[in-house]
Amino acid sequence: MNLAAGTEAGPPPAILLPKPERLFRQRARRLRDLAASVPGLSGYLLLMAELAERQADIVDAPASDRSTCTDWRRAAEDNPVGALRRSLALTAVLKALVQDFEASSAPVNQTLARIVGASDADVETWVIELRMDQPAPEDSAVLPFVAAALQIELVRWAAERSAENPGDPTEPGLCPVCLGGPVASILRTVGDTPGLRYLHCGFCASEWPYPRIQCIQCGSGEHIAYQGIEGADPAIRAETCDACHVYLKRIDRDKSPGADPLADDIATLSLDVLLNEQGYQRFGFNPLMIIPVGA
Ligand SMILES: [Zn+2]
Ligand SMILES: [Zn+2]
């Protein structure tokens with residue numbers, strides 16, 4: 001993350017921008033560690049680890065191999081559907097991402113074959129489903145791969161923004177850089193100040209500040225509680241709101257420096273099950289974990 005502007009002089013920067021050259025390798029490492037400690041989800045965690053390693057390899061590729069970047073924030077503001085049509089270079093990134101990818105599971109290989117045979121129009125439809133947070137049930141297996149390609153584009157693009165002035169303010173629950181939704185919130189030290197709360201964008205990995213002990217949906221701070229899973233990493237908890245019954249996971253990176261919002265969110269799926277049973281609705285959107293509606 002870009003901490004340069006806030007280490008010694010003055011307050012921490014409002015926005016923390018991603019470092020693409022580290023982000024995907026660190027995520028891959030975390031996914032592999034979590035696969036060892038959460039055996040029930042190890043198959044999916046290892047699949048996502050392989051995908052994150054492929055994302056890192058593409059990010060490391062020479063600049064001449066890069067596709068043309070869309071202005072993603074303007075795209076989302078102007079006309080999410082129309083502007084996303086400009087992102088069709090994404091088809092090439094997506095196909096590079098799954099090239100020679102052989103999974104040990106037949107259903108995953110069927111998904112990969114579907115991606116290899118996809119047209120620009122298919123990719124456009126999938127990107128719109130992701131960015132509008134309206135996944136079609138029949139596309140739920142494809143979408144994490146499409147999201148991984150989109151993350152490559154968006155993280156590169158976000159890394160080139162200015163942390164001081166990424167764009168006009170938006171509503172607090174949306175990423176000010178690309179207008180994506182948050183996966184989770186992060187508690188972290190910035191400069192000398194520990195325990196600052198940021199929201200983490202599931203698409204471009206930028207982080208923006210949000211007050212502590214305040215519901216992401218209704219803004220109430222009066223009915224907040226925290227829940228975790230017995231025996232799991234105590235740095236990962238869910239902030240629940242009894243005013244509107246939503247929750248958002250919170251990762252204390254000061255306690256668990258290797259934690260990754262997307263990886264740790266997948267690995268704590270049992271916390272979602274527990275909270276759903278208690279009547280809480282999930283607010284965070286993790287594009288690497290698309291659960292079909294009604295599943
Ligand atoms: Zn974003
Ligand atoms: Zn609330």
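Reader: Is Leu-16 buried or exposed in this model?
Author: The model is predicted, and Leu-16 is found in the segment before α1. A residue counts as buried if 20 or more other C-beta atoms lie within 10 Å of its own. Leu-16 has 24 such atoms within 10 Å, so Leu-16 is buried.

Reader: How many Å separate the C-alpha atoms of Leu-16 and Ala-159?
Author: Along the chain, Leu-16 and Ala-159 are 143 residues apart.

Reader: What covers the buried residues of α1?
Author: Helix α1 has 18 residues, 20-37, and reaches 26 Å from its first C-alpha to its last, close to the 26 Å expected. Its buried residues include Leu-23, Phe-24, Leu-31 and Leu-34, and also Arg-27 and Arg-30. The cover over the buried residues of α1 includes α2 (42-60), α8 (143-159) and α9 (261-267).

Reader: Why are the buried residues of α5 on the same side of the helix?
Author: In α5, residues 90-98, the buried residues are Leu-90, Thr-91, Val-93, Leu-94, Leu-97 and Val-98. They lie on the same side of α5 because the arc they cover around the axis is only 165 degrees.

Reader: Are α7 and α8 roughly parallel or roughly perpendicular to each other?
Author: The axes of α7 and α8 come within 10 Å and cross at roughly 85 degrees. Angles of 65 to 115 degrees count as roughly perpendicular. The relation of α7 to α8 is therefore roughly perpendicular.

Reader: How many residues in the contact of α7 with α8 are charged?
Author: In the contact of these roughly perpendicular helices, α7 supplies Val-123, Trp-126, Val-127, Glu-129 and Leu-130, while α8 supplies Leu-143, Val-146, Ala-147 and Leu-150. Eight of the residues are nonpolar and none is polar. The number of charged residues is one.

Reader: How many Å apart are Val-127 and Ala-147, C-alpha to C-alpha?
Author: Val-127 is found in helix α7 and is buried, with 25 other C-beta atoms within 10 Å. Val-127 and Ala-147 both take part in the contact of α7 with α8. They are 20 residues apart in sequence, and their C-alpha to C-alpha distance is 7.6 Å.

Reader: Is Asp-133 buried or exposed?
Author: Asp-133 is found in the loop between α7 and α8. Its phi is near 55 degrees, a positive value in a residue other than glycine. Asp-133 has 12 C-beta neighbours inside 10 Å, so its class is exposed.

Reader: Where is His-245, whose phi is near 60 degrees?
Author: The phi of His-245 is a positive value in a residue other than glycine. With 16 C-beta neighbours inside 10 Å, His-245 counts as partly exposed. Its place is in the loop between β5 (236-241) and β6 (246-252).

Reader: What percentage of contacts between residues at least 6 apart in sequence join residues at least 24 apart?
Author: The chain has 10 helices and seven strands. Of its 295 residues, 42% are buried. Among contacts between residues at least 6 apart in sequence, the share joining residues at least 24 apart is 63%.

Technical notes
Residues are numbered from 1 along each chain as its sequence is written. Chains are lettered from A and ligands numbered from 1 in the order in which they are written. This is a predicted model: local features need pLDDT of at least 70, side-chain atom pairs count only at pLDDT 80 or more; totals for chains, interfaces and linings use all residues. Helices (H or I, at least four residues) and strands (E, at least two) are DSSP runs, numbered from the N terminus. The expected span of a helix is 1.5 Å times one less than its number of residues. Two residues are in contact if their C-beta atoms, placed from the backbone, lie within 7 Å. The arc is that of the directions from the helix axis to the C-beta atoms. Axes are lines fitted to C-alpha atoms, for helices over the stretch in contact, and angles run from 0 to 180 degrees between N-to-C directions. Angles under 35 degrees count as roughly parallel, over 145 as roughly antiparallel, 65 to 115 as roughly perpendicular and the rest as oblique. Ala, Val, Leu, Ile, Met, Phe, Trp, Tyr, Cys and Pro count as nonpolar, Asp, Glu, Lys and Arg as charged, and the others, Gly among them, as polar.
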